[in-house]
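Welcome to a short tour of this structure.

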There are 2 protein chains.
Amino acid sequence: MNVPDPSLTPFFAPKGIAVIGASSNPVKLGYGLARNLVQSNYQGMVHFVNPRGGSLLGRPMYPGIALVPDPVDLAILLIPAGAIPDALRECGARGLGAAVIASGGFRETGAQGAALEAECLQIARQHGMRLLGPNCIGLLDTHLPLDATFLPPPGPPPGDVAFISHSGAICAAVIDWARGQGFGLSRLVSLGNQVDVNETDVLSALAADPFTRVLTLYLEGVSDGRRFVEEAGRVARQKPVVALKVGRYASGQRAVASHTGALAGQENAFNAAFRRAGVIRADTSEEMFDWARALAWCPPPSGRAMAVLTDAGGPGVTAADALEANGLRLARLEDQTLEALRASLPPAASLHNPVDMLASASPEQYAGCLSILLADSGVDGVLVILPPPPMYTAGAVAKALIPVIHSAEKPVIIALMGERLIQEAVEHFRAARVPEYRFPERAASALAILAQRAEFLQRRQDPPERFDGADAESVGALIQEYTAAHPPHSSVMLSQAAAQRLMGAYGIPIPPAGLADTPQEAARLAQQLGFPVALKIASEDISHKSDIGGVLLNLTDAQAVMRGFRTVMENAQKALPAASLQGVQVQPMMPSGQDVIIGAVQDPQFGALVMFGSGGVEVEGLKDVAFSLAPLTRLEADHLLESTWAGRKLRGYRDIPAGDRQAVIEAVLRLAQMAADHPQLAEIEINPLRVLPDGGGVLALDVRARLQFQAETGMN
Amino acid sequence: MNVPDPSLTPFFAPKGIAVIGASSNPVKLGYGLARNLVQSNYQGMVHFVNPRGGSLLGRPMYPGIALVPDPVDLAILLIPAGAIPDALRECGARGLGAAVIASGGFRETGAQGAALEAECLQIARQHGMRLLGPNCIGLLDTHLPLDATFLPPPGPPPGDVAFISHSGAICAAVIDWARGQGFGLSRLVSLGNQVDVNETDVLSALAADPFTRVLTLYLEGVSDGRRFVEEAGRVARQKPVVALKVGRYASGQRAVASHTGALAGQENAFNAAFRRAGVIRADTSEEMFDWARALAWCPPPSGRAMAVLTDAGGPGVTAADALEANGLRLARLEDQTLEALRASLPPAASLHNPVDMLASASPEQYAGCLSILLADSGVDGVLVILPPPPMYTAGAVAKALIPVIHSAEKPVIIALMGERLIQEAVEHFRAARVPEYRFPERAASALAILAQRAEFLQRRQDPPERFDGADAESVGALIQEYTAAHPPHSSVMLSQAAAQRLMGAYGIPIPPAGLADTPQEAARLAQQLGFPVALKIASEDISHKSDIGGVLLNLTDAQAVMRGFRTVMENAQKALPAASLQGVQVQPMMPSGQDVIIGAVQDPQFGALVMFGSGGVEVEGLKDVAFSLAPLTRLEADHLLESTWAGRKLRGYRDIPAGDRQAVIEAVLRLAQMAADHPQLAEIEINPLRVLPDGGGVLALDVRARLQFQAETGMN
């Protein structure tokens, strides 16, 4: 068995390509594919294979791949599914490194197709061959150039944006739409059923392409969540990655035993994964390509302070709104900027940001004012608004602006409003690779993404925090005990004592407590722990302890504790004579503080996921929670807290005193590490985690944990 | 003084128009206006006025309006601002009913311009003349036809959408963009500085136009909030109104003394006003016109269950996501629908919603399957996805679909994906007035707006609830007392006693309590009120009563109350010897229950605004609040509760028992009515309102109210 090529070189730089299933019938896809290959002006060898022989587009049709002359390292198969395995064997024997199976009729049609697909993979593995597809439309590279798709021409113009798609159908629409929007593609890969090469595999291959400046992904899921995060994270440091993840609302309800489990879902997991990797998540296809153009063409801003340059008040206000709505802010202009603007503009112009030059603005004024704004050290980028100018053409304004934009080291985005009257300007900007959008809102959104990207690149890259004192072994041993005692595939809640052992092993503080068998022992324990204390009946059989008089609070001396011991035991015996009583638990009364929730679950795609937020019984109603992949860095834990009200409140709010924020971060890091270390720990939740005033630390007042023996079936 | 014409007839159906400032110089706006009027094929009389005389476009230029022959009822003025008052006087003398002042140079330039503007209004009023502008681009009607703007041609094609704009600059862009998007306008009105005719005035005039099916508004504010709500509410019952309100983030911070005041802001007020009026609020210009087309062209759906018809899986998933994200749901198809689909489609097709016909779908299959879906009684509307089909043209599919769509009584929206390959289909759909959008997300958003509109029309129209027992007079008297005792323009917090009188006057329950002067009286009161009781020192000089030992809780007998009286008085005297003590307040201990907040403020634009939500000290952090205009109907109060977690929780949640929801609604209605009745009541807030278990009612535990003597200056 040969080792498959991880570089995917034969797909993206083949020396020779054989089309197996080339057809001289123009209505067949096998004809379209052959035609595209030849017309794409691909410089390597192109061979056609068809058992009937003959010729096509001036080239011979070889009856079999074995007869094709060198060089040939990539096959594209467009023959009925049933004939694919044999064809693949021949390709393997011929020494090809890669094959694209464009044909359908595999897993998407049912069990038989799935078996056929598995057979194909096995054959490919035997020959060290990589497979793209099946059931895909192929791939193309506009710079090589190479068009190995069967889509109707014309293909996309050359560009900077690579597109990777789980949907073949959307490729044709995207190519056509991109052309109309005036941007090209560098490469396009249709992944189909992903029997071998998947979305993660192609990331590096596309990032390595010098013509690709931005990667865009149309994802229906990911094959291996953690690998995707790792690989996308590496790629995103080099080039922006924008993803549209569809299938959001496909409800994947699972049985859960915690608030964390109920609130964690595919969407929170994907958001956490994308955030971790630095992948920018788009909500709509339009957004994805709007952003891709800006990311491909603009320098990164060094901050979020933007200027708006306009010749009309209304759109200026709209732009200011849109900037703020997108988390940007209006720059405060320096005095010398205002002076320079004043010298260039009529007295009635509005000099303060948004800068309104008035409707009389000439191309020279547009260009001059833009230069002035770009020179202001407090301006990180400029949004230029250009409705059809009443006295000049938008095209003339565009021509004046472009040199200024090209020489700037700050991003400039154009809101070019209208349609026919601005067409010439559209063409100028597109040719100059200056992003233009029809409305200020879309332009502002693109500027915001540039700021987000710049911040991502500036962010420190710490390794996830590891707590060295964690006793993973004893947790492993505990899980082992439980595993031995329960049937496989079952699920069980840990006892309170076991849950507390987990806390101990990972250094999350729990309230001190002791179990007393006699009134005297209870009093001794109370003395040790410090008065006042609470007493609680200890019994696994009694769940609502306070309802049956099994809890006494605020006992202040030994006498009261001894009396209390007897009361609690009697109440329990009276209420539930059959319950087995382990004694009485003695705890000091808890100091007051803020209560939060921390939880972790195992996501089927991305593994351990940690949650933080507002605790108590209303967690699922308030939904004031946030998620992160586990383990996480201290900085990420800090962001996690900050993104909830519960976390912000820890700094104190009105008469609520500040809590020990650092201790909360510590607890989050430790719980996350525990979940990451032990995938059998399906759910664990501390609710509430009592946060004491600053320096006082935290206490896990209640811990619930569920073990799942053998991972739940991965897919959602 | 004549009475101005409220119908605005002279603007929209003038018999003759005089252009004052018509110019034969083609670079002047006065030329553009004259040319547009003539070229627009306006059937009434067109007269040109210019003191220099001569002729223009084959017509004479009269030296003055007095010399213009009949009929003439509308003047359009495009002369320097300083010359406008005299020209208006002449128009008035000539008996004209209306004038458009297109010229700038008024309020927008400063105090002098504002004075000039006021003078113009005064002249117009003297002559019973209505004014549009100044500083506007005019108006047009594509059906009359009439183009009284000076914008460069071509004007918009005739259409169904009226556009009213506070920004003149955006009009040119919108006209141009609409043309490119394939929809026309019915009327366009540029309002300029609104010295007379404002956004509210034109609503009815445009709604009365038979060619206008939808009204769109670009608003920078409203002139008279309550009148706008009333008028827009009336118009919206007849025709959809979509508004883009800009200037959202223009921060208008005011001094406030309550959570309600801090959270209420221009945006919440506008949202509440639009909701009350049934005005659909768009977030972006693109959204506004996307929605307008669907509202103009589609029948209303009778529910939110939608079907997706596609020839490709990927976009089908995107569409399903987008439907759910927009609050719609995927219809569950009936068995006979599935059978009919099965009979029409290949075996591998996916019959369940989204219905994926596969890439081979023919125009006939598209049309046939659409008919089948429309016949399903569980389907309220259909989103059809049409990427460039691999085997047919999109144009052929469009031609097959259009007759089915036209004969349907349910909305059908098209996601037509691509650009050049779908151009023919675009033309067919536009000509047939079928809304098409480039992406499934925008199509889904349009469908959702249709559902929202249908629900608005179905909603019961109750008058706001009035609580007949309200004693508005005694509140008026109380406000009078305060007003007499305080300087004008000042602001004062009501005393606790006065705030409680407000509660009594509007029937909002407060905890029973009594003031005791002696230990014996305290004990008697406690007996009356029922044990256990709480004692509180009564003193206006002591704000944090519990801090100084001025509060005792849970006293269970007369002895304890008498002892407690002495303790509380002593503690107060010890802590604050100078404080004047009114005695001790005796209250029964409050039963437990859920706590919420209700508040009301006076919004400078829309008047009384009521808030409901999660109470306590964290109101501004949790932001679990919602607003409504006051007064409100019982149904609106119900919606107000439902839109917050605090309100939903009143039905009970986990171990939190249900609260008396009806009593909360009652309290909201009463507080809203109080605020609406008394505009001097700048802020009033009940926090917390204790909600007792069902049937137990509510108790206003703490009430804060602020009076403002003389309304705050209206604008924000």
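## Salt bridges between the chains

A salt bridge here is a side-chain nitrogen of Lys or Arg within 4 Å of a carboxyl oxygen of Asp or Glu. Between chain B and chain A the count is six salt bridges, and over all chains the count comes to 68.

Before going further, please keep in mind that this is a predicted model, in which local features need pLDDT of at least 70 and side-chain atom pairs count only at pLDDT 80 or more, while totals for chains, interfaces and linings use all residues. Residues are numbered from 1 along each chain as its sequence is written, chains are lettered from A and ligands numbered from 1 in the order in which they are written, and side-chain values use heavy atoms, with hydrogens and water left out.

## The interface as a whole

How many residues does each chain bring to the contact? Chain A gives 54 residues and chain B gives 54 residues, where contact means heavy atoms within 4.5 Å. The size of an interface is often given as the accessible area lost when the parts come together. For chain B and chain A this buried area is about 4800 Å², with carbon and sulfur atoms giving 63% of it; the value is the accessible area (1.4 Å probe) that two parts lose on being put together, summed over both.

The interface of chain B and chain A also holds 20 residue pairs in polar contact, both residues at pLDDT 80 or more. A polar contact is a pair of N or O atoms within 3.5 Å; within protein, one must be able to donate a hydrogen and the other to accept it, and residues adjacent in sequence count only if both atoms are side-chain atoms. On the side of chain B that touches chain A, the elements that each supply at least two residues include strand E13 (241-245), helix H10 (285-297) and helix H16 (440-458). Helix H5 of chain B gives the most to this side, with eight residues. Helices (H or I, at least four residues) and strands (E, at least two) are DSSP runs, numbered from the N terminus. By class, the side of chain B that touches chain A has 24 nonpolar, eleven polar and 19 charged residues. Here Ala, Val, Leu, Ile, Met, Phe, Trp, Tyr, Cys and Pro count as nonpolar, Asp, Glu, Lys and Arg as charged, and the others, Gly among them, as polar.

## Charged pairs to look for

Start with B:Glu618 and A:Lys649, which form a salt bridge with their closest N and O atoms 2.7 Å apart. B:Glu618 lies in the loop between strand E27 (607-614) and H21 of chain B, and A:Lys649 in helix H23 (residues 645-649) of chain A, so the pair joins two chains. Both B:Glu618 and A:Lys649 are buried; buried means under 20% relative accessible area, exposed over 50%, and partly exposed in between (1.4 Å probe, protein chains only).

Next, B:Glu620 and A:Arg654 meet in a salt bridge at 3.1 Å, N to O. Are these two residues buried or exposed? B:Glu620 counts as buried at 19% relative accessibility, whereas A:Arg654 counts as exposed at 53%. A network of salt bridges links A:Glu286, A:Asp290, A:Arg293, A:Arg442, B:Glu286, B:Asp290, B:Arg293 and B:Arg442.

## Inside chain B

B:Arg187 and B:Asp209 meet in a salt bridge of 3.6 Å, N to O. B:Arg187 lies in strand E11 (residues 185-190) and B:Asp209 in the loop between helix H6 (199-207) and strand E12 (214-219), so the pair ties together parts that are 22 residues apart in sequence. Both B:Arg187 and B:Asp209 are buried.

## Backbone details

The peptide bond from A:Leu144 to A:Pro145 is cis, with omega near -10°. A:Pro145 lies in the loop between strand E8 (138-141) and strand E9 (146-149) of chain A. Another cis peptide bond joins B:Ala630 and B:Pro631, with omega about -5°.

A:Asn41 is not a glycine, yet has a positive phi of about 70°. A:Asn41 is partly exposed, with a relative accessible area of 49%. B:His489, also not a glycine, has a positive phi of about 70°, and counts as exposed at 55% relative accessibility.
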